[in-house]
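Subject: Structure handover

Hi,

Here is the structure I promised to pass on.

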Amino acid sequence: MKTWKLVSGILSIILFVFVSFQSCAAGIGNTLAENGESSGSAGIIVAMMLLAGGIVSVATRKSEGKGGNIALIVLFGLGTLIGFSMAGSYTDLNIWAGWCLINAVLALIDIFKNK
């Protein structure tokens, strides 16, 4: 699981850049369309969860305790919940929320695997 944490952490940090730019564009689109959606703001929150989760994942990859995995579950779980619930017209947010869900589930598996 050390390799998974390193790879997923690096990918999450890189995806932060793409998600934040897309979210800014979606927020501008929501504002110009005056449709009352907040999917752009939700995307920024998901991007922040990706960045924080990626940093925690890389930093705790060699950790033997459960604290790093619990932090990953909370961070990526919040990204999943916010992403899926507030996607609206920004449908790419479902993809990024799915990536958060995969990371949260693998962190949960890692907790039970290392008992």
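In H3, the buried residues are Gly68, Asn69, Leu72, Leu75, Phe76, Gly79, Thr80, Ile82 and Gly83. Before you go further, keep in mind that this is a predicted model. What covers those buried positions? The cover for the buried residues of H3 includes H1, H2 and helix H4 (92–113).

As for its geometry, helix H3 runs over residues 67–85, which is 19 residues. From its first C-alpha to its last, H3 reaches 27 Å, close to the 27 Å expected at 1.5 Å a residue.

Alanine 52 lies in helix H2, and its C-alpha is separated by 7.2 Å from the C-alpha of leucine 75. Those two residues are 23 apart along the chain. Leucine 75 is on the buried list for H3, whereas alanine 52 counts as partly exposed because its relative accessibility is 27%, between the 20% and 50% cut-offs.

**The chain as a whole**

The secondary structure comes to four helices and zero strands, so the pattern along the sequence reads α-α-α-α. The radius of gyration is 15 Å, close to the 13 Å that the globule rule gives for 115 residues, so the chain is as compact as a globular protein of that length. Along its principal axes, the C-alpha trace spans about 50 × 20 × 15 Å.

A few totals for your files:

- Buried residues make up 39% of the 115 residues.
- Of the contacts between residues at least 6 apart in sequence, 72% join residues at least 24 apart.
- The chain exposes about 6100 Å², and carbon and sulfur atoms supply 73% of that area.
- There are 7 positive and 5 negative side chains, with the centres of the two sets 23 Å apart.

**One backbone angle to look at**

Which residue other than glycine has a positive phi near 50 degrees? That is glutamate 34. Glutamate 34 sits in the loop between helix H1 (2–33) and helix H2 (39–59). With a relative accessible area of 69%, glutamate 34 is exposed, because that value is over the 50% cut-off.

Cheers

How values were computed
Residues numbered from 1 in each chain as written. Predicted model: local features only at pLDDT ≥ 70, side-chain atom pairs only at ≥ 80, totals over all residues. Heavy atoms only, no water. Helix = DSSP H or I, 4+ residues; strand = E, 2+ residues; numbered from the N terminus. Buried < 20%, exposed > 50% of the residue type's maximum accessible area, 1.4 Å probe, protein only. Rg over C-alpha atoms; globule rule 2.2 N^0.38 Å. Contact = heavy atoms within 4.5 Å. Areas by Shrake-Rupley, 256 points an atom, 1.4 Å probe, with all protein chains shown as cover. Lys, Arg positive; Asp, Glu negative; His and termini not counted. Charge placed at Lys NZ, Arg CZ, Asp CG, Glu CD. Expected span 1.5 Å × (residues − 1).
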